[in-house]
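Dear colleague,

Please find the structure below, together with its sequence. My notes on what was found in it follow directly after.

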Amino acid sequence: VQLCGVLRTDVSRETSVFIVGDAAQSIYSFQGAEPDIFYTMATAVRGMPGGSVAKSVQNYRCSESVIEFVNGVFSGWMPEFQPLVPTTGEQGSVRCWFGAMSFDARMDAIAQYCHAYINKHPERTWSDIAILCRKKKSFSRYRAALVARGVPCSVQDRWGFYRQPEVRFLIQAIHAFSDPYANEAWVAVRSEEHTSELQSPC
């Protein structure tokens, strides 16, 4: 919605618009995310005939300890934040490091934690562990350092979120369906469909 600006006040009454968003995703500010747009959108929807905004606080992905940590951080940071409710039934664990650390010290700590986790949970595999980096230019350096410390790992995202083919196609599709006269968007959508057909196995 932020990229395409599909919400308009002059849409017909027969038009149905369903939008899902999360203001907490402002952590992606380095990629252009602006939470104020989300709040403006919610206000606009409330002002439309029949428009309503529903908030969901159930979390179906994280363990209780992660939810407790997130609630503590965001409740003191975002006044409008509503505490999340865990639903997985798993306790889990959270490890935090505060203070300045050199790159080598940080890699030692991460590798130590990964090895300890695998040893404590033999039913788990290395693929159950994910390390998120704020900047993709750090991927190669992190990978080399962790492999040298006996932690097998691979880079899963080399393009960045908005450059992935599926995301580019979705953005163009939203442009096209929100504006039938967006010729460039329609050409991009048709080109992606044609490319997919050519790459499909027979």
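Glutamine 172 is found in helix H5, residues 165-178; helices here are DSSP runs of H or I with at least four residues, strands are runs of E with at least two, and both are numbered from the N terminus. With 28% relative accessibility, glutamine 172 counts as partly exposed. On this scale buried means under 20% relative accessible area, exposed means over 50%, and partly exposed lies in between (1.4 Å probe, protein chains only). Once neighbours within four places in sequence are left aside, glutamine 172 is in contact with Ala185, Ala188 and Val189, where contact means heavy atoms within 4.5 Å. The C-alpha atoms of glutamine 172 and valine 189 are 6.2 Å apart in space, and the two residues are 17 residues apart in sequence.

Please note that this is a predicted model, in which local features need pLDDT of at least 70 and side-chain atom pairs count only at pLDDT 80 or more, while totals for chains, interfaces and linings use all residues. Residues are numbered from 1 along each chain as its sequence is written, and side-chain values use heavy atoms, with hydrogens and water left out.

As to the chain overall, it has 6 helices and 2 strands, which follow the pattern α-β-α-β-α-α-α-α along the sequence. Of its 202 residues, 19% count as buried. The chain exposes about 15500 Å², of which carbon and sulfur atoms supply 55%; accessible areas come from the Shrake-Rupley method with a 1.4 Å probe, and for residues only the protein chains shown count as cover. Among contacts between residues at least 6 apart in sequence, 55% join residues at least 24 apart.

How do the axes of helix H3 and helix H4 cross? The axes of H3 (residues 103-120) and H4 (residues 139-148) come within 10 Å and cross at roughly 60°, which makes H3 oblique to H4. Axes are lines fitted to C-alpha atoms, for helices over the stretch in contact, and angles run from 0 to 180 degrees between N-to-C directions. Angles under 35 degrees count as roughly parallel, over 145 as roughly antiparallel, 65 to 115 as roughly perpendicular, and the rest as oblique. On the H3 side, Phe103, Arg106, Met107, Ile110 and Ala111 meet Arg141, Tyr142, Ala145 and Leu146 of H4. By class, this contact of H3 with H4 has 7 nonpolar, no polar and 2 charged residues. Here Ala, Val, Leu, Ile, Met, Phe, Trp, Tyr, Cys and Pro count as nonpolar, Asp, Glu, Lys and Arg as charged, and the others, Gly among them, as polar.

Three further residues may be of use when you inspect the model.

- Glutamine 112 lies in helix H3 and is exposed, at 58% relative accessible area. Its C-alpha atom is 9.3 Å from that of valine 151, 39 residues apart in sequence.
- Lysine 136 is in the loop between H3 and H4 and is partly exposed, with a relative accessible area of 41%.
- Asparagine 71 has its place in helix H2, residues 64-77, and counts as buried at 14% relative accessibility. Apart from neighbours within four places in sequence, asparagine 71 is in contact with Phe81, Pro83 and Leu84.

Yours sincerely
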